[in-house]
Amino acid sequence: MAKPIAHVKSFDWLTLVLYLSLVAIGGLMIYAAEYKVDDSGIFHFTWSSAIGKQIMWTAISLAVFVVTYFIDSKFWSTFAYPIYFIAMVLLVLVLLVGSTIKGSTSWFSFFGFSFQPAEFGKVGAALALASYLSYHKTSLKVTKHILISCAIFFFPAMLILLQPDAGSALVFMSFFIIMFREGLSPYLYLIMFCLIGLFLGSLVIPIFSVFLILLLIANAFLITLLKDNSTPILLTFGAVLIVSLIALFTNLAFELLIVNILIFIAFGGMLLRQGKFKPLFIIIPTLLFAGGLAFSSLYMFENVLEPHQQDRINVWLRPNLSDPQGSLYNVRQSKLAIVSGGLKGKGFLNGTLTKLNYVPEQSTDFIFSTIGEEQGLLGAFGIIVIFVLLMLRITVIAERSRLPFGRIFSYGVAGILFFHFFINIGMTMGLVPVIGIPLPFISKGGTSLLAFSILIAIILRLDSQRFSL
Amino acid sequence: MEKTIYIRATIIISAIILLLKVAQLQLFDSRTRTSAQAAALSKQVQYPSRGLMFDRNGNLLVYNDALYDILVVYNNVNPAIDTALFCKLLEIDQDTYIKRLNRDWRNPQFSKNVEFVFLSKVSSKIYGRFQEHLFEFPGFRARLRNVRGYQFPGAAHVLGFINEVDQSFLDNHPDEYESGDFTGITGLENSYEKELRGAKGYKYILKDNLGREVGPYEEGRLDSSAVPGYDLITTLDIDLQMYAEQLMKNKIGGIVGIEPSSGEILCMQSSPSWDPNDLTIHKYRTERFEELLKDTLDPFFDRTVMAQYPPGSIFKMVVGLIALQEEVTHPNQFISCNGTYHNTKRDIRKCRNHPAPYNMSIALQYSCNSYFFELFKNVVDKYGYNQAERGLDNFHNYLKNFGFGATLSLDHFNEKPGFIPDSRFYSKTHPNLRSPNIVSLGIGQGELQMTNLQMANLAAILANRGSFITPHLLKSFRDAPQKLSEKATSKRSVRIAEHHFIPIIAGMQEVVNSGTGRSAKIDGIQVCGKTGTVENSHGKDHSVFLAFAPVENPQIALAVYVENSGGGSRYAAPIAGLLIEKYLNKTISISKEPLEQRLLETNLLPSVTAP
């Protein structure tokens with residue numbers, strides 16, 4: 001164990017302050033979200049009430065935070081796999097003996113407390129991934145190693161998907177941020193984003209318009225390959241490009257599509273005459289694959305995704321198809337609450353929509369709407385700024401880490417935090433689809449707070465030893 | 001390190017996107033802000049009580065009767081309630097219960113958490129029974145609505161009725177009314193809607209997501225209580241009005257009685273009429289309404305202000321007065337009459353056989369046609385025989401001063417103006433107008449048309465010797481700051497010198513004392529009157545009587561018009577006499593009781609509709 005004096009010197013106080021302020025704000029916001037109009041006057045406090053439980057969970061989390069901090073830093077790198085293993089066992093066990101709440105078998109219940117092993121899956125996966133990637137023989141240029149790394153976090157994600165809890169499972173995708181930092185090719189990310197964009201785009205805009213856009217990109221690509229891209233050819237294509245872009249907003253897309261196919265054939269023919277075969281062998285299959293994906297995306301959307309998942313995408317991208325009293329309800333009510341806050345907010349415990357239960361799940365997933373309504377734009381800005389500072393601080397800690405384990409683990413935590421932060425706040429405003437994950441440190445839910453406390457404590461511990469090796 | 005920058009940039013850019021979205025929502029989305037308030041706030045309407053109506057002596061005429069709307073919040077209804085009892089209490093069947101409770105929930109307009117009207121217009125009798133069991137039916141509540149009740153079964157046309165506003169009305173009054181509100185449709189209810197209706201109050205109540213009330217909004221600082229409408233005091237004398245109704249029972253026509261000194265309408269009766277309680281808002285209203293609409297005698301047609309009749313002989317006073325004022329005659333002029341009047345060589349008009357009209361009074365007493373044909377010709381030909389147009393227009397201007405040819409009342413929206421011809425009117429039919437062409441006007445026939453109200457006003461003008469105050473039905477609003485309009489208080493002169501009325505009124509006295517209107521005579525009260533018999537090409541003549549009494553300091557002036565009843569002396573004059581006696585003496589003398597009995601029993605309705 002390091003000497004206490006070393007801790008004080010190397011301890012990152014800023015992270016602790018940011019962490020504690022988020023926990024404190026969380027406590028107040030949960031109190032506000034749970035506070036109801038008929039509680040006016042004396043608040044009837046009991047330990048079994050939502051507030052009582054949250055106070056106990058906060059106390060436990062802080063205690064565990066301190067205990068975790070004083071565990072030797074080598075413990076984590078040494079026991080990363082056993083911890084991962086235990087977490088996976090818990091995830092399997094919960095499927096067998098867990099209690100089902102709202103259709104998901106995600107909880108162990110005892111003594112009136114509920115415990116969600118998925119949150120510890122994140123801790124386990126972050127440790128295991130850090131351990132594996134920090135191993136000196138591991139290289140993300142090697143396909144096998146890439147697959148093993150992915151398996152480390154896909155496995156718990158799959159188990160969680162079986163509960164089913166798609167939101168918590170999706171959080172594991174944040175580990176791709178570590179993979180990026182540790183050398184996975186950026187082109188893979190580019191292709192992934194293009195495919196996701198193509199899939200979602202095909203849901204929103206007419207299929208002919210998608211084809212038209214793909215062909216325009218292909219034609220633009222071909223023209224760069226032509227040896228003598230003379231002025232008449234450029235002008236012709238330029239004109240077609242402009243007309244096609246305008247056509248995207250009219251119903252002439254089909255006619256323009258034919259024109260663009262003819263241009264594609266013409267350019268292709270010219271390339272062949274110039275003796276360039278190879279680009280065509282790449283472009284044509286890619287075009288066909290992209291077209292096929294666009295064509296089948298609607299089919300996949302309707303047949304692969306669960307109805308409630310379709311609803312959430314619809315609420316996000318096609319709100320006019322959604323039932324305002326049904327799937328659109330949560331987001332609509334949440335947005336109403338945020339809007340009603342205005343610049344300064346209505347004040348602590350004065351949010352009428354909050355007090356009157358207008359926003360479903362408000363103390364958990366939609367806690368941000370309480371902040372928006374009662375604390376207004378200033379409060380919302382404050383929360384976002386604290387989160388950004390915390391995440392940036394963790395990247396600083398990561399980069400100054402001497403050991404790859406500390407760096408990778410810290411990026412893992414930053415990634416998880418970022419995913420929760422962006423998705424959760426984004427969904428309360430309809431910016432991203434509703435994915436039921438909590439806002440770290442703020443949302444009600446003991447396991448989440450406990451797991452994030454452990455993650456931060458481990459980071460601080462690993463960081464505190466940066467001078468001692 | 002390059003990758004670190006990408007990661008940090010991603011974090012910062014994402015945060016900026018979130019910040020911009022929060023700012024957009026909280027600072028610039030005013031449309032959603034409005035609905036944010038609506039989501040948590042419920043605005044409850046407090047209906048004001050409509051102003052009551054009283055007669056001139058303080059008798060209550062129109063009051064408010066309770067009627068209830070049964071409201072429900074779907075989600076608060078216990079599905080296990082005893083629906084059989086519920087339906088029995090409200091007198092509906094099970095199908096109605098199910099149909100009314102289940103709305104189209106897919107329509108976002110409805111919500112299972114929002115209160116809606118389950119059953120409207122429940123009478124206080126049914127509600128009384130239902131109320132005792134209301135606690136057994138959670139989710140249901142009653143809202144009180146005021147509808148009209150009437151103390152007397154009369155004055156239906158004057159008082160008017162109220163009805164629920166329809167869509168076209170709402171379109172025309174977008175800010176003032178909401179669906180489900182009542183508004184005055186006819187009569188005083190319509191004319192003084194603004195004063196009677198009062199102002200609705202609003203209570204802002206916070207509701208939770210289940211539609212439960214959790215308390216007042218902002219401690220009730222924005223709440224307003226309903227302001228009751230002003231009570232309206234009419235000029236009517238309800239005893240006189242009801243007596244007029246009785247006398248006009250089974251007869252067609254109108255009676256208007258005016259207090260000459262004030263222009264206040266004492267009674268205004270159009271017959272046939274209906275009991276106003278029949279058209280108050282209740283379950284059977286529609287049927288009764290249809291019945292009245294189908295009635296061939298058209299009870300909704302207000303014969304006091306909408307029917308335009310030729311005035312007949314009562315117009316002779318007007319001709320006499322204008323002739324005197326124009327100095328084309330003098331009170332003692334003698335015009336010979338042998339029972340006929342030679343208008344032109346070929347046009348010979350009938351007159352009755354009567355004593356010779358030595359002066360104007362005698363001519364009036366016996367209603368000599370020849371005399372007034374001649375006076376009228378003198379007026380029209382004042383500027384020369386070939387200048388009849390000028391003479392007629394001069395005559396026309398006098399008539400305008402009398403309030404003829406234009407709407408008169410201050411309280412009616414459906415009043416007809418009547419008609420008085422001028423030279424332009426004849427320019428097509430008579431390019432060279434000569435007095436013989438239009439001589440019928442001299443005895444109140446021809447193209448002349450007047451309403452019953454204008455005739456009563458003529459009686460008031462005669463009683464006042466040359467002036468009148470525009471007749472009106474509104475005496476005042478109780479506790480209201482506003483005064484009556486200037487029109488209802490200012491005197492209008494007909495521009496005829498007072499001394500010209502002396503021979504006219506003398507003649508009218510003789511009409512009652514020993515002329516055609518003897519049946520209007522009252523012991524101890526000098527009544528002045530004039531009968532009229534209006535030729536009716538469609539059937540029996542109309543009977544008209546114009547009167548005021550007493551001769552000095554007149555208290556009442558009235559015109560009685562009875563359609564298809566024959567001469568003015570038969571029905572109109574005795575009815576007028578009884579009304580005057582009732583008003584001035586409060587009772588009918590024993591000697592008149594047989595006459596009263598006969599009139600009450602007379603049925604002049606066309607035989608088809610007679611019972």
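Visitor: How many salt bridges are there between chain B and chain A?
Guide: The count is zero. Keep in mind that this is a predicted model.

Visitor: Which parts of chain B supply the side that touches chain A?
Guide: α1 (2-28), α2 (30-40) and β8 (201-207) of chain B each supply at least two residues.

Visitor: Which of them gives the most?
Guide: That's α1(B), with 19 residues on the side of chain B that touches chain A.

Visitor: And how do the residues on that side of chain B divide by type?
Guide: You get 19 nonpolar, seven polar and seven charged.

Visitor: How much area do the two chains bury between them?
Guide: Chain B and chain A bury about 3500 Å², and 78% of that is on carbon and sulfur atoms. As for residues, 33 of chain B are in contact with 42 of chain A.

Visitor: Let's switch to helix α4 of chain B. Which of its residues are buried?
Guide: In α4(B), which covers residues 94-101, they are B:Thr96, B:Tyr97 and B:Leu101.

Visitor: Why do they line one face of the helix?
Guide: Look down the axis of α4(B): the buried residues fall within an arc of 120°, so they sit along one face. In general, an α-helix has 3.6 residues a turn, so residues three or four places apart point the same way.

Visitor: What does the face turned away from the buried side carry?
Guide: There you'll find the exposed residues B:Asp95 and B:Lys99.

Visitor: And what do the buried ones pack against?
Guide: Four elements of chain B: β3 (60-72), α3 (83-90), β4 (116-123) and β5 (140-150).

Visitor: New topic, chain A. How many helices and strands are there?
Guide: Chain A has 20 helices and three strands. Of its 469 residues, 52% count as buried.

Visitor: Is A:Ser453 buried or exposed?
Guide: Buried, because its relative accessibility is 0%, and the cut-off for buried is under 20%.

Visitor: Where is A:Ser453 found, and what does it touch?
Guide: A:Ser453 is in helix α20 (residues 446-464) of chain A. Leaving aside residues up to four places away in sequence, A:Ser453 touches A:Tyr19, A:Ser61 and A:Phe65.

How values were computed:
Residues numbered from 1 in each chain as written. Chains lettered and ligands numbered in written order. Predicted model: local features only at pLDDT ≥ 70, side-chain atom pairs only at ≥ 80, totals over all residues. Heavy atoms only, no water. Buried < 20%, exposed > 50% of the residue type's maximum accessible area, 1.4 Å probe, protein only. Arc of directions from axis to C-beta. Contact = heavy atoms within 4.5 Å. Buried area = accessible area lost by both parts, 1.4 Å probe. Salt bridge = Lys/Arg side-chain N within 4 Å of Asp/Glu carboxyl O. Nonpolar A, V, L, I, M, F, W, Y, C, P; charged D, E, K, R; others polar.
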